[in-house]
Amino acid sequence: MAGRLQVNPTRMELKRLKTRLKTAQRGHKLLKDKSDEMIRRFMEFAKENKSLREEVEKELSSALTTFVVAKAVSDEAAIQQAVAMPSKTVSLDMDSRNVMSVLVPVINIKESQSGETYPYAFSSVTAELDSSIEALNKILHKMVKLAEVEKTCNMLAIEIEKNRRRVNALEYVMIPQLEETIRFITMKLDENERSNIVRLVKVKSMIAEERG
Amino acid sequence: MREGKIAVVGDKDLILAFKAISMDVFCAEDKDEGEKVIRKLAKTYSVIFVTEDLAAQLDGLLCKYKTKAYPAIIPIPKSGKSNGYGMAGIKADVERAIGTDILFNKED
C-alpha cells in the first residue's frame, strides 16, 4: 500500500503534515459531495437524452423514408430544384450554462420565415415531399434540443469520470500516505523523548552514587 | 469565429432532405472524406448532425470533440431503422459516469 513520505521526523514537519491531512480530508469530502450531485444531475439529463433520442430517431426515420418515396416517384432534378431555396432561415443562438462547473451548451433556435412553408410549386412535385418536409420542420426543434442535451451528457460523463479519479487518488493514496507519515513521525518523536528521560534518570543515579 | 449554423454530413441522397429545412448540407460518402469534412466544419459550425453509419466509422475523431461545448456532433439515423449507434453513445456515457449501465437495464 501507500508508503510514507520521505521527510525528516521533526516537530515542524509533523505540524505541516497535519495541516495537509486536514486539507486533504476536507477536499475529499467536498469532491465526493460534488460527485454525488453531478451523478444526480447526469441521470436527469441521461433520461431526457434517451427519450428525446428515441422520439427523434423514430420521427426522423419515417420522415426520411417519406422523402425517399417522394424522390422515387418524381424527377430527381425537380426535387433538387424544389429544395434548393428553403423558405425559412434557421440560425442558432449559442450560449453556455454552468452545471457543476462544467460549461455546457445552451442552444436556442431562431427562425425567420419568409413566405410559404413549401418553397416550390405544388404542380412540380408530389404530395409525399410536402409531408416529409412538414415532418422535418417539426423535428428540427427536437433535433436541436437533442444536440444540446446529448452534448451536456457527454461533457458531464467525462467530468464525473475525472472527478472520480481525483476522489480515489485522495482516498486511497494521498490520505493514507499522510496518515502513515504522521504516525511515523509521532513514534520517532516519542522514542526520542523516552530515550531522553532514560538518559536523565541514568545521569541522576550516577550523580547520586558519586555523592553517596 | 463560430456561427450559429447547423450542418448535416452524410450521403447525398438523404441529405438532400435537410436542405429543405435550411440546414447546410455536406456530402461525404466514405471515412476519409467524412473526416476531412468534419474537421473543416468543426471550426465554424456549432451543431453538426452526422448519419449514424458514417459516425460509427469516425468514432475516434468524434471523441475528440466531446470535451468542449461546441461543436456538438450528433449522430442521426438514416431512413428506415436506426442501427443503434446513437443509443450506444448514451449507454457509453452512462457507463462512463456511473460505472454500470442502470438506465437501459431497468427497462429491459
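Two strands pair if DSSP finds at least two bridges between them, and helices (H or I, at least four residues) and strands (E, at least two) are DSSP runs, numbered from the N terminus. This is a predicted model, in which local features need pLDDT of at least 70, side-chain atom pairs count only at pLDDT 80 or more, and totals for chains, interfaces and linings use all residues. Residues are numbered from 1 along each chain as its sequence is written, while chains are lettered from A and ligands numbered from 1 in the order in which they are written.

**View 1. Strands E1 and E3 of chain B lie paired in the parallel sense.** Let's start with E1 (residues 6–10) and E3 (residues 47–51) of chain B, which are joined over four bridges. Look for Val8(B), whose bridge partner in E3(B) is Phe49(B).

**View 2. Four strands of chain B make an open sheet.** Follow them in the order E2-E1-E3-E4, with parallel pairing. At the edges are E2 (24–27) and E4 (72–76) of chain B, each pairing on one side only. On average, neighbouring strands are turned by 25° against each other, direction ignored (axes are lines fitted to C-alpha atoms, for helices over the stretch in contact, and angles run from 0 to 180 degrees between N-to-C directions).

**View 3. Both faces of E3(B) are covered.** In a regular strand the side chains alternate between the two faces of the sheet. Val47(B), Phe49(B) and Thr51(B) are buried on one side, and Ile48(B) and Val50(B) are buried on the other. A residue is buried if 20 or more other C-beta atoms lie within 10 Å of its own, with C-beta atoms placed from the backbone.

**View 4. Helix H2 of chain B packs on the sheet.** This helix (residues 31–44) touches E1, E2 and E3 of chain B, and its direction makes about 175° with that of E1(B). Two residues are in contact if their C-beta atoms, placed from the backbone, lie within 7 Å.

**View 5. Chain A meets chain B.** Here 49 residues of chain A are in contact with 35 residues of chain B. H3(A) gives the most to the side of chain A that touches chain B, with 19 residues.

How values were computed: Buried ≥ 20, exposed ≤ 12 C-beta atoms within 10 Å, placed from the backbone.
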